[in-house]
Each structure stands twice: as structure tokens, then as C-alpha cells.
Amino acid sequence: MEFVGTLKPKATLTLKDVPAQAFIKAFAAHLKRTGKVSVPEWAEYAKTGCHRELAPLDGDWMYVRMAALLRKVYLHPYIGVGTLARMFGGAKDRGHQHSKFQRASRKVIRFCLSELEKLKYVEVIEDTDDRGALVVGGRLLTSEGRRDCDRISREVGLTIAGASAEAEEDEE
């Protein structure tokens with residue numbers, strides 16, 4: 001994977017400072033390396049949404065989905081499963097008919113979020129008003145989750161900055 005552009009090293013690199021693809025790849029590798037995440041048996045056969053024809057070809061797709069979901073929760077606090085399903089959805093090919101937007105599988109999203117909750121990266125937020133009505137609901141990143149995201153973002157940023165510095169040296 002090549003990063004086009006410049007990324008100058010600075011004291012603190014957060015998730016917003018590094019490319020999404022590089023962060024997701026690094027965090028998925030981190031989740032797999034720790035071995036604390038359990039991938040269910042049905043993951044081998046599950047599709048990521050009804051708009052897909054086949055299940056993912058990558059055997060580690062569940063780790064990649066968890067990393068992508070964690071990134072979305074980092075960027076959008078108080079986000080819910082329905083909104084995440086809309087973000088990860090896509091166009092369904094219906095043959096001669098026009099394509100139609102379909103949401104992603106909410107079961108996969110709920111499973112991934114529950115695994116991230118077990119790791120204490122994400123927590124469920126439910127706040128009610130004085131009448132007992134739900135005011136704010138969704139997922140929020142914990143301090144441990146933010147710490148690990150920032151740590152891995154820093155590693156990715158330094159790797160990219162080092163690679164761009166080497167490229168500049170090679171040009172000269």
C-alpha cells in the first residue's frame with residue numbers, strides 16, 4: 001500500500017491524521033495478534049450485507065470490519081447500529097432494474113460491537129430525560145479504546161512519515 005502525499009511527524013498523531021485504509025489494516029492486525037477476539041463459526045458463510053453476492057474472500061474480514069467500526073465510533077460519537085448499517089451499505093444489483101441502496105448486515109455490526117465491548121474499547125450509552133424517554137443512545141469510545149487507537153495511529157503515522165522521508169532521499 002502506498003500513501004500519496006506528505007505526512008509530517010508531529011508530537012501527537014491521532015486517528016484523524018492518518019489514512020483510513022492504513023489505520024484499519026494496522027488495527028485489524030492488532031486485533032488478530034492479541035487473540036482476544038473470537039470469530040464465530042458462521043463468519044465463514046456470512047455476507048456483509050444483502051447487497052453483496054458472495055461472502056468476503058478474505059479470511060480475516062471480521063477483524064477488518066471491527067477495525068472499521070471502531071474507526072467510525074471514534075469519528076462519530078453516539079453512533080447507533082442503524083447509522084452504521086447505512087454507512088456500510090451499498091447498491092444492490094437487481095438485473096435490468098435500477099440498482100437500489102441496501103443497508104449492511106446489522107447482525108454482523110452488532111456482533112462486532114459486542115466483541116469490541118468485551119475488549120472495553122466501546123461502551124453503550126443510554127441517557128434518559130426526567131420522563132424516562134430515551135434522549136441519547138448509541139456507542140461511545142472508552143478511554144482505553146481511544147488510547148489504543150491513538151497509539152496505533154501514531155505507529156502508522158511514523159511508518160508513513162519514515163517511508164516518505166526515504167522516498168525523498170532516493171529522489172535526491
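**Before starting.** I am working with a predicted model, where local features need pLDDT of at least 70, side-chain atom pairs count only at pLDDT 80 or more, and totals for chains, interfaces and linings use all residues. Residues are numbered from 1 along each chain as its sequence is written, and side-chain values use heavy atoms, with hydrogens and water left out.

**Entry: Ser-153.** I found Ser-153 in helix H5, residues 143-171. Helices (H or I, at least four residues) and strands (E, at least two) are DSSP runs, numbered from the N terminus. Is Ser-153 buried or exposed? I noted it as buried, because its relative accessible area is 0%; buried means under 20%, exposed over 50%, and partly exposed in between, with a 1.4 Å probe and protein chains only. Setting aside residues up to four places away in sequence, I listed what Ser-153 touches: Leu-13, Thr-14, Leu-15, Val-18 and Phe-23 (contact means heavy atoms within 4.5 Å). Leu-13 is 140 residues from Ser-153 along the chain, yet their C-alpha atoms are separated by 6.3 Å. I also saw that the Ser-153 side chain reaches the backbone nitrogen of Leu-15 at 3.4 Å.

**Entry: aromatic rings.** How many aromatic pairs does the structure hold? I counted three; rings of Phe, Tyr and Trp (its six-membered ring) pair if their centres lie within 6.5 Å, and planes under 30 degrees apart count as stacked, over 60 as edge-to-face and the rest as tilted. Trp-42 and Phe-111 make an edge-to-face pair, 5.6 Å centre to centre with 75° between the planes. This pair links distant parts of the chain, 69 residues apart: Trp-42 is in the loop between helix H1 (20-34) and helix H2 (61-75), while Phe-111 is in helix H4, residues 106-118. Trp-42 counts as partly exposed because its relative accessibility is 27%, whereas Phe-111 is buried at 18%. Elsewhere I noted that ring pairs link Phe-23, Phe-27 and Tyr-121 into a cluster.

**Entry: charges over rings.** The charged end of Lys-107 sits over the ring of Trp-42, 5.0 Å from its centre. Arg-146 lies over the face of Tyr-74, 4.5 Å from the ring centre. The cut-offs here are NZ of Lys or CZ of Arg within 6 Å of the ring centre and within 35 degrees of the ring normal.

**Entry: Thr-142.** I placed Thr-142 in the loop between strand E4 (134-141) and H5. Thr-142 is buried, at 15% relative accessible area. A polar atom of the Thr-142 side chain lies 3.2 Å from the backbone nitrogen of Gly-145.

Terms used. Polar contact = N/O pair within 3.5 Å; in protein donor to acceptor, adjacent residues only side chain to side chain.
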